2 protein chains.
Amino acid sequence: MATIHDVAKLAGISRTTVSRVLNCHPYVTEEKKRKILNAMKQLNYVPNSSAQRLRKTKTDTIAVFVPRITNPFFSYLVEVMENEAAKFGYKLILCQTHYNKEQEKKFLELLKTKQVDGVILTSIENEWRHFKPYLNDGPIVICNEYDDDAYVPSVYLDQVKGGYLGTKHLIDRGYKRIAYCAGSERRSRLTRDRRKGYEQAMKEASLVIDEDWYLYNAISIEDGKNVFLRLKQIKNRPEAIFTGSDEVAAGLLKAAKDSGWRVPQDLAIIGFDNQPLAQLLGLSTVAQPVEKMGSQTMKVMIQAITGEESKNPTNLSFHLIHRTTT
Amino acid sequence: MATIHDVAKLAGISRTTVSRVLNCHPYVTEEKKRKILNAMKQLNYVPNSSAQRLRKTKTDTIAVFVPRITNPFFSYLVEVMENEAAKFGYKLILCQTHYNKEQEKKFLELLKTKQVDGVILTSIENEWRHFKPYLNDGPIVICNEYDDDAYVPSVYLDQVKGGYLGTKHLIDRGYKRIAYCAGSERRSRLTRDRRKGYEQAMKEASLVIDEDWYLYNAISIEDGKNVFLRLKQIKNRPEAIFTGSDEVAAGLLKAAKDSGWRVPQDLAIIGFDNQPLAQLLGLSTVAQPVEKMGSQTMKVMIQAITGEESKNPTNLSFHLIHRTTT
């Protein structure tokens, strides 16, 4: 029986790329994909995991990992995923990790114990080596987050661009001292990339970043209020802030207004996501295509379960919405 | 083997009340409960459904029906339920009915096909006779909604009081022409009761209700904006509005402000739920104890699955939060 090495050799393409195609990973050129699929046909190659999966009992159930369902970004994502899953006769198990490594590992056991056909991760707490062994038990699809070590189907946006877009908007509006706010300093590739985008925009405009302007551990409305208190203490006080979250931006806006600050005159604020509250509060924000992300992820997951050939995902991109806070 | 009739006869209490106790229905006096439990012990009575359940394979999975997970009231309810379920090793399947009778019936099949151990309903679309046959397959617990025909465990608040509380607040603030807004005119007992509370408060204050002041089919932020357009057309224009939903109130507030109206001077608005956006927007609202409702419901459900004796639920009540819109 042909192996993945034989396919790579015949196609003249690296094993990694073949593996990417098998796992429906995006961003493989159509030409390479075609060559690999041709080689697979010629060799009558059956991917290992598909062969394994045929032996398994199907549960028609998919687990979706989210940090918290009450964060509107995730509730909208899950809404779309559940609708899409129901259309194809799949049920969705909701797993809230609460940004906790152990909770995430515990929920992964659902895959090992065959209680679900697959797992969708919308956030990643553990390093990829913890997920890898579970791939023998069923497909894992990543949505929103991404990880360089993970050769699994992933639906995500380039967060460098997201960070750049929001920061560039603030610079274009004339602000120079711009603070950067995020959930966690180290946790994820997503946060690191978004910060890269911020730094890139600042560098391009020859603006020097003060180390005090990095504000971390902010994910909720309450955290946003707290960010305002921290921001007030900064010696070289910023005149604008990139928050990375509409909820943090909303809490910050509320606290600033309650203290008599004018927004954007005393402090400009930009959110992230374009949640309903952003529109209600007049928050400028970096909008994410949540619906597309959710439905595409579920499609990719069902394809991975059924072993259908996957289509290259449509291109997902951010766009900026200018309202009253910048 | 003893039957439910024997238990009722020995305890000297109606069969209906015995059935209520068996189904962990709240609002049975402690004395009656004690008498029934004594009679059960004397007769060595085993409830039918518990006996059936012992024969079944457990899935450790509970289905939760919500209209839409993106409505923050339901996402908070589900968050608490999932946390509580995970503590006891249960998984939660999310079922969005989208206020649709057929979708609700389809999801009920999960119980018949033994894919879940029990079903929690946070909204009810069909008449109770459609649910009844499924009780042979596992417990159904109702949360938030209620139905007179349903002798199943139910965790809910007296919505007459909720409607009364919000309307009374508007009357106390000096408003006389008060409109009433709700999701659907006929759909549920919840909506009908809330309207009763509104009418009761108006009657007590000798205020006459104009038929034009009833505004239905409003559940989302967008609907709230639409309510403003409808409200502007009313001949005998109301000076205050009870919305029954923070999201509707938020949309209405936004549309009113965008049109240059002052709130509360030109129109007073009261929401319902006390969602995070109510606090952010300064909405006066009728607060619901969502956390308690969610955790209590999940406890009752797990008790119903395991056949444990249930405790009488703690008392749940509304409270009014006065902010800037009234």
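The side chains of Arg68(A) and Glu79(B) meet in a salt bridge with an N to O distance of 2.6 Å, where a salt bridge is a side-chain nitrogen of Lys or Arg within 4 Å of a carboxyl oxygen of Asp or Glu. This is a predicted model, in which local features need pLDDT of at least 70 and side-chain atom pairs count only at pLDDT 80 or more, while totals for chains, interfaces and linings use all residues. Residues are numbered from 1 along each chain as its sequence is written, chains are lettered from A in the order in which they are written, and side-chain values use heavy atoms, with hydrogens and water left out.

Between chain A and chain B the count is 2 salt bridges, and 16 residue pairs, both at pLDDT 80 or more, are in polar contact. A polar contact is a pair of N or O atoms within 3.5 Å; within protein, one must be able to donate a hydrogen and the other to accept it, and residues adjacent in sequence count only if both atoms are side-chain atoms. On the side of chain A that touches chain B, α5(A) gives the largest share, 7 residues.

In total, 32 residues of chain A are in contact (heavy atoms within 4.5 Å) with 33 residues of chain B. The two chains bury about 2700 Å² between them, 58% of it on carbon and sulfur atoms; buried area is the accessible area (1.4 Å probe) that two parts lose on being put together, summed over both. Glu79(A), Lys91(A) and Leu280(A) supply 22% of the area that chain A buries against chain B, more than any other three residues.

Within chain A, helix α8 (residues 159-172) and helix α9 (residues 189-204) pack at an angle of about 35°, with their axes 6 Å apart. Helices here are DSSP runs (H or I, at least four residues) and strands likewise (E, at least two), numbered from the N terminus, and the axes are lines fitted to C-alpha atoms, for helices over the stretch in contact, with angles running from 0 to 180 degrees between N-to-C directions.

| Feature | Residues | Value |
|---|---|---|
| cis peptide bond | Val263(A) to Pro264(A) | omega near 15° |
| cis peptide bond | Val263(B) to Pro264(B) | omega near 15° |
| positive phi, not glycine | Asp60(A) | phi near 55° |

Pro264(A) is placed in the loop between α11 and β9 (268-273) of chain A, and Asp60(A) is in the loop between α4 (48-55) and β1 (61-66) of chain A.
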